[in-house]
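Open the model in your viewer and keep the sequence panel beside it. The tour below goes from one selection to the next and says what to look for at each stop.

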Amino acid sequence: MNEALRSLLDLLDLERIEQDIFRGLSRAAVVPRVFGGQVAAQALVAAGRTVPADRPPHSLHAYFLRPGDPGAPIVYTVDRIRDGRSFTTRRVVAVQHGQPIFHLSASFQIHEEGLEHQEPMPKAPDPLTLPTAAEMLPRYADRFVEPGVVERLLEARAAVDLRYVDEPPFGSVGEAREPRSQVWFRTNGALDAAVREAGADGEDALTRPLLDICLVTYVSDMTLLDSVLLAHGRGGWAVGDVVGASLDHAMWFHRPLRADDWLLYDQESPTAQGGRGLGKGRIFTADGELAVSVIQEGVIRVPRP
């Protein structure tokens with residue numbers, strides 16, 4: 001297994017320190033704060049460990065309250081809001097240095113049969129025809145404001161094979177484009193072996209489908225606001241023409257998926273205003289099933305002179 005993927009799985013394997021209290025480690029992101037996708041995924045792991053395995057998550061709603069300190073552990077406290085016959089609700093607060101940095105509400109549901117329809121999958125090229133991050137990112141090294149950004153980005157995303165369908169925002173600085181973007185992604189390695197290996201850990205083992213959903217939650221925060229930048233020809237934090245951070249994040253999990261199979265993340269931005277931008281995303285399996293819907297709002301500010 002890819003060592004970076006193993007490190008990410010270890011990051012999601014929270015330590016239980018009380019019945020409904022968990023502790024997770026952090027690692028440095030490409031910016032000097034904890035990556036938002038990490039906190040969201042860890043919080044969902046904490047919630048999921050208090051719910052029967054036959055009830056996977058069907059939705060989450062979260063707020064990023066304060067920047068996380070990558071040098072300190074994060075404590076996740078789970079409130080058991082409701083255990084119904086079909087649905088289970090949990091609330092999680094993530095705390096660092098005595099202050100809440102993140103709040104998540106998640107709902108879980110047993111499998112049920114019902115009415116079904118979905119939007120069709122948009123067209124996209126085969127992911128294997130697209131450049132990898134290692135092939136693409138060095139092309140833009142001269143556009144980044146700091147040395148070492150390429151290496152930091154590659155390190156931060158080493159657990160995930162993420163491939164842009166079109167030029168990323170930092171590849172078309174100064175050129176306003178349609179506020180839409182697409183990426184294909186999957187984990188850099190198969191997950192079955194990791195699940196079998198974790199099986200010895202008892203009730204706190206990282207099991208599927210919760211693991212797949214938490215990994216997709218982790219990736220969902222990587223590129224969702226790209227479409228906001230594209231609409232204004234901005235390159236992002238690495239270029240230095242905007243500063244920003246995630247504010248809130250919502251996801252709905254419609255159908256089963258596997259995080260180690262190719263998934264298409266189709267993203268768009270319907271609006272930006274007031275120093276904030278909104279991103280909407282749909283995640284499809286390679287065979288065309290709509291698996292996840294995502295909405296996120298973030299702070300996006302143009303630096304003042």
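Contact, as used here, means heavy atoms within 4.5 Å. This is a predicted model, in which local features need pLDDT of at least 70 and side-chain atom pairs count only at pLDDT 80 or more, while totals for chains, interfaces and linings use all residues. Residues are numbered from 1 along each chain as its sequence is written, and side-chain values use heavy atoms, with hydrogens and water left out.

**Stop 1: T187**

Select T187, which lies in strand 8 (residues 180-187). Strands (E, at least two residues) and helices (H or I, at least four) are DSSP runs, numbered from the N terminus. Leaving aside neighbours within four places in sequence, T187 is in contact with L5, A159, V160, D161, L215, A259 and D260. Is T187 buried or exposed? T187 is buried, at a relative accessible area of 6%; buried means under 20%, exposed over 50%, and partly exposed in between (1.4 Å probe, protein chains only). Now show G189: its backbone oxygen is 2.8 Å from a polar atom of the T187 side chain.

**Stop 2**

An open sheet is formed by 12 strands in the order 1-2-4-5-6-3-9-12-11-10-8-7, with antiparallel pairing. Strand 1 (15-18) and strand 7 (160-164) are at the edges with a single partner strand each, so one side of each has no neighbour in the sheet. On average, neighbouring strands are turned by 25 degrees against each other, direction ignored. Two strands count as paired if DSSP finds at least two bridges between them.

**Stop 3: strands 3 and 6**

Select strand 3 (residues 57-64) and strand 6 (residues 99-109), which run antiparallel and are joined by seven bridges. L60 is opposite A106 in strand 6.

**Stop 4: strand 11 and its partners**

Move to strand 11 (residues 276-285): seven of its 10 residues are buried, so this strand is largely enclosed by the rest of the structure. Nine bridges pair strand 11 with strand 10 (residues 263-273) in the antiparallel sense, and I283 is the bridge partner of Y265. These two strands form a hairpin with two residues between them, and G274 in the turn has a positive phi of about 60 degrees.

Strand 12 (residues 290-301) also runs antiparallel to strand 11, over nine bridges; F284 has L290 as its bridge partner. Four residues separate the strands of this hairpin, where G288 takes a positive phi near 95 degrees.

**Stop 5: helix 6**

Finally, select helix 6 (residues 210-220), which lies across strands 3, 7, 8, 9, 10, 11 and 12. The helix runs at about 150 degrees to strand 9 (243-253); axes are lines fitted to C-alpha atoms, for helices over the stretch in contact, and angles run from 0 to 180 degrees between N-to-C directions.

Terms used
A polar contact is a pair of N or O atoms within 3.5 Å; within protein, one must be able to donate a hydrogen and the other to accept it, and residues adjacent in sequence count only if both atoms are side-chain atoms.
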